[in-house]
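This report describes one protein model, first as a whole and then through two of its elements. Please look at the sequence and the structure before reading on.

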Amino acid sequence: MKPSTENMTIRDNIQKLIKQNREVDGFLETASSNHADDALIDYLNFLKQSGYSGAMSLYFANLLQFVSDPDLSEQFGAEDIEQLYDSFLKLSEKCSDIYIDAASFADHTLNDKAKAKRIAELGIKRMQIQIAELEALLRDVAS
């Protein structure tokens, strides 16, 4: 017996994920200007509607660090946030794969060398920025 897709085609599922990613992106753009306490409540309400997302989970972990409302902050501790970040680190060991896979797909499947090049360059640029941020953090930690 084949697993059920609840009458959704693979394309439907792909489109659903694309839509969810766009909704998450829109939420993150508007929510980032809110106070952490308000943003946390907004996040929890949005999560009920949208379902789990890696990007939303990272936003959640970042929000938890700045919550000042005791009714909210007493529900978790620093060790909870630490475990959450540890799980992100484990899951994101291959985060650069998205650029490699997308560029390879554009090149080999779509035969679109220009798109493959744009994706690869974007991945390199984003990773260089992250490397610079990590190097600055290391300098701060060392001093």
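## Surface and burial

The protein exposes about 11,200 Å², and carbon and sulfur atoms supply 57% of that area. The model is predicted. Of the 143 residues in the protein, 22% are buried.

## Secondary structure and contacts

The protein has seven helices and zero strands. Read from the N terminus on, the order of elements is α-α-α-α-α-α-α.

Contacts can also be sorted by separation along the sequence. Taking the contacts between residues at least 6 apart in sequence, 47% join residues at least 24 apart.

## Helix H6

Helix H6 covers residues 97-109, which is 13 residues. At 1.5 Å a residue, H6 should span 18 Å.

Which residues of H6 are buried? They are Tyr-99, Ala-103, Ala-106 and Asp-107. These residues cover an arc of only 95 degrees around the axis, so they lie on the same side of H6. The face of H6 turned away from the buried side carries Ile-98, His-108 and Thr-109, which are exposed. Part of what covers the buried residues of H6 is helix H7, residues 113-142.

Asn-111 is found in the loop between H6 and H7. This residue is not a glycine, yet Asn-111 has a positive phi of about 55 degrees.

Is Asn-111 buried or exposed? The relative accessibility of Asn-111 is 57%. The cut-off for an exposed residue is over 50%, so Asn-111 counts as exposed.

## Helix H7

The span of H7 can be checked in the same manner. H7 has 30 residues, and at 1.5 Å a residue they should span 44 Å. The end C-alpha atoms of H7 are 43 Å apart, which agrees.

In H7, the residues Ala-116, Ile-119 and Gly-123 are buried. What do the buried residues of H7 pack against? They pack against H6. Seen from the other helix, H7 is included in what covers the buried residues of H6.

Key:
Residues are numbered from 1 along each chain as its sequence is written. This is a predicted model: local features need pLDDT of at least 70, side-chain atom pairs count only at pLDDT 80 or more; totals for chains, interfaces and linings use all residues. Side-chain values use heavy atoms; hydrogens and water are left out. Helices (H or I, at least four residues) and strands (E, at least two) are DSSP runs, numbered from the N terminus. Buried means under 20% relative accessible area, exposed over 50%, partly exposed in between (1.4 Å probe, protein chains only). Contact means heavy atoms within 4.5 Å. Accessible areas come from the Shrake-Rupley method with a 1.4 Å probe; for residues, only the protein chains shown count as cover. The expected span of a helix is 1.5 Å times one less than its number of residues. The arc is that of the directions from the helix axis to the C-beta atoms.
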